[in-house]
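Good morning, colleagues. Please bring up the sequence and the structure on your screens, and I shall take you through them in turn.

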Amino acid sequence: MRTGKGLRGAAVALAGVLALTACGGGDQAKESGPANLRMTIWSANEAHLKLFNEIADEYKKANPDVAGITFDPLPFENYTTTLTTQIAGGNAPDLAWVLENSAPDFVASGALLPLDDTLKKTDGYQYDDLSPATLKLWQDDEKLYAYPFSTSPFGVFVNNDLVKKAGQKTPAELIAAGQWNWDTALASAAATASATGKAGLVVRDFDYKGWDNLSTFWTGWGAQAWSEDGKSCGFAAPEMVDAMTTLHKAIFTAKALPGPGTTADFFAGDAAMTVTQISRASLLKPDGFAWDLVPLPAGPKGNYAVVGQAGIGVLKQSKNADKAADFLAFFTNPTNSAKLSQFFPPPRQSLLNAETLAKSNPQLKPEQLQKVVIDGIANGVVKPSHAGQAELSQQVRAGLDPLWKPDADVKAVLDSVCTKIQPLLAK
């Protein structure tokens, strides 16, 4: 199999640049005068940025040696590539939001500053309150290299107005009847799309590119991208073939999901349902449609949950790494974690209960928080991640491209994905 330069580009950039960052970090001259910190993030949402800036302003008041703190939103679809480009170009941020799919590369690279000592020594931080399970992805040799800023299960937001207009039972009614599963969810989505002219169900941030977001679907079949030890491809397994066959029929036969090239924004009222996380609740308009938030539908293997994680790390390359780590400790202390939990479920065990989360999430009911967030964190599996994720992701995406056609041979396509990535997994 020939691997093109385009497919290797992101992988080389991530692995190579991070290694250079790790080696060169100690040579960076400290910035003279008050520090200016920059943190890359994936969200440009106004509500998120408003809260971030409020916390930053509070920190600056107590720390005159920090002149400014800037939050730099990068587009989600190419976030890691853009971040890597900044690092390679000598424009590395002081702090960076790291997505779970690139966590193994960032954590193992040595490019990030260990955070344990700073967090543990910060007065009132309560490091022991952090759930050990949420830290695993961000640790290496018992050191923490990124704070698990958001451990957020996926749920389904529902436009009840559209569903009812199509004469369908709402997901809440299906749940009450013990009938909320992917068969009924896809049937309802297809019927609603047909009756209203709107989209049925949208897997947000998938758009036939972000394939790892489909783990919110295939996990219900017991499928996985690769084995637990990361050495064996899972795309050709019978469970994955069944899941992707169901998805393919839902897209091209039932029209339950918008097809390739078609976009639909649930939060603008253009779809009946969307699979996403509670951080998106801020996009709901108070005077908009009647909505609900429910857990992922049950799959053939029963009820399940999928969790997306994001960590915040401090780049060793930063000229103000120590001050950046100090700000991170303030940004994620118990008080600010409670504020941030409005959008980003924290790793703090003291905050992971519906009553506490409801105080900072007025849009969501305690029952929704319990079933989607609390239960999801307790029982969920994290989206796929692997060392060398950049090249793996490119290969999987390219391998799945032939699947998004009406006449695709699902099994043959999935077999070919494994042919492409097995050599990478075996490294």
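I start with a pair of helices in this predicted model. Helix H2, residues 46-62, and helix H12, residues 321-331, have axes that come within 10 Å and cross at roughly 120 degrees. The crossing in which H2 passes H12 is right-handed. From H2, the residues in this contact are Phe52, Ile55, Ala56, Glu58 and Tyr59, and they meet Lys323, Asp326, Phe327, Phe330 and Phe331 in H12. By class, the residues of the contact of H2 with H12 divide into 7 nonpolar and 3 charged, with no polar ones.

Is histidine 48 buried or exposed? Histidine 48 counts as buried because its relative accessible area is 2%, and the cut-off for that class is under 20%. Setting aside residues up to four places away in sequence, histidine 48 touches Ser43, Ser279, Ser282, Phe343 and Phe344.

Let me now turn to the domains. The domain assignment of the chain gives domain 1 as 35-152 + 308-381, and domain 2 as 157-306 + 385-426. Taken over C-alpha atoms, the centres of domain 1 and domain 2 are separated by 27 Å. To the contact, domain 1 gives 27 residues and domain 2 gives 24 residues.

Next, the nonpolar cores. Which residues touch the most other members of the largest nonpolar core? That core has 56 residues, and the ones in question are Trp218, Phe235, Met244 and Trp404. Among the elements that give two or more residues to this core are strand S7 (155-159), helix H9 (182-196), helix H11 (238-252) and helix H17 (410-425). A second, separate core has 55 residues, including Met39, Phe71, Tyr147 and Val314.

Not counting residues up to four places away in sequence, phenylalanine 235 touches Trp211, Trp218, Gln224, Ala225, Met240, Val241, Val396, Leu414, Val417, Cys418 and Ile421.

I move to the loop between S8 and H10, where glycine 210 lies.

Aspartate 205 has a positive phi of about 70 degrees, although it is not a glycine. For context, most residues other than glycine have a negative phi.

Where does glutamine 126 lie? Glutamine 126 is in the loop between helix H5 (116-121) and helix H6 (132-135). Glutamine 126, which is not a glycine, has a positive phi of about 60 degrees. With a relative accessible area of 48%, glutamine 126 is partly exposed.

Three further positions complete the survey. Histidine 386 is buried, with a relative accessible area of 14%. Apart from residues up to four places away in sequence, its contacts are Asn101, Pro104, Asp105, Trp226, Gly230, Leu392 and Leu425.

Leucine 174 is found in helix H8, residues 171-176. Leucine 174 is buried, at a relative accessible area of 7%. Leaving aside neighbours within four places in sequence, leucine 174 is in contact with Lys169, Gln179, Trp180 and Thr184. The C-alpha atoms of leucine 174 and proline 297 are separated by 9.9 Å, while the two residues are 123 residues apart along the chain.

Finally, consider proline 286, in the loop between S9 and strand S10 (291-295). Why does proline 286 count as exposed? The reason is its relative accessibility of 87%, because exposed means over 50%. Proline 286 and glutamine 363 are 77 residues apart in sequence, and their C-alpha atoms are 9.1 Å apart in space.

Thank you for your attention.

Technical notes
Residues are numbered from 1 along each chain as its sequence is written. This is a predicted model: local features need pLDDT of at least 70, side-chain atom pairs count only at pLDDT 80 or more; totals for chains, interfaces and linings use all residues. Side-chain values use heavy atoms; hydrogens and water are left out. Axes are lines fitted to C-alpha atoms, for helices over the stretch in contact, and angles run from 0 to 180 degrees between N-to-C directions. Helices (H or I, at least four residues) and strands (E, at least two) are DSSP runs, numbered from the N terminus. A crossing is left-handed if the near helix is turned anticlockwise from the far one by less than a right angle, and right-handed if clockwise. Contact means heavy atoms within 4.5 Å. Ala, Val, Leu, Ile, Met, Phe, Trp, Tyr, Cys and Pro count as nonpolar, Asp, Glu, Lys and Arg as charged, and the others, Gly among them, as polar. A nonpolar core is a set of buried Ala, Val, Leu, Ile, Met, Phe, Trp, Tyr and Cys residues joined through side-chain atoms within 4.5 Å. Buried means under 20% relative accessible area, exposed over 50%, partly exposed in between (1.4 Å probe, protein chains only). Domain bounds come from an automatic or database domain assignment.
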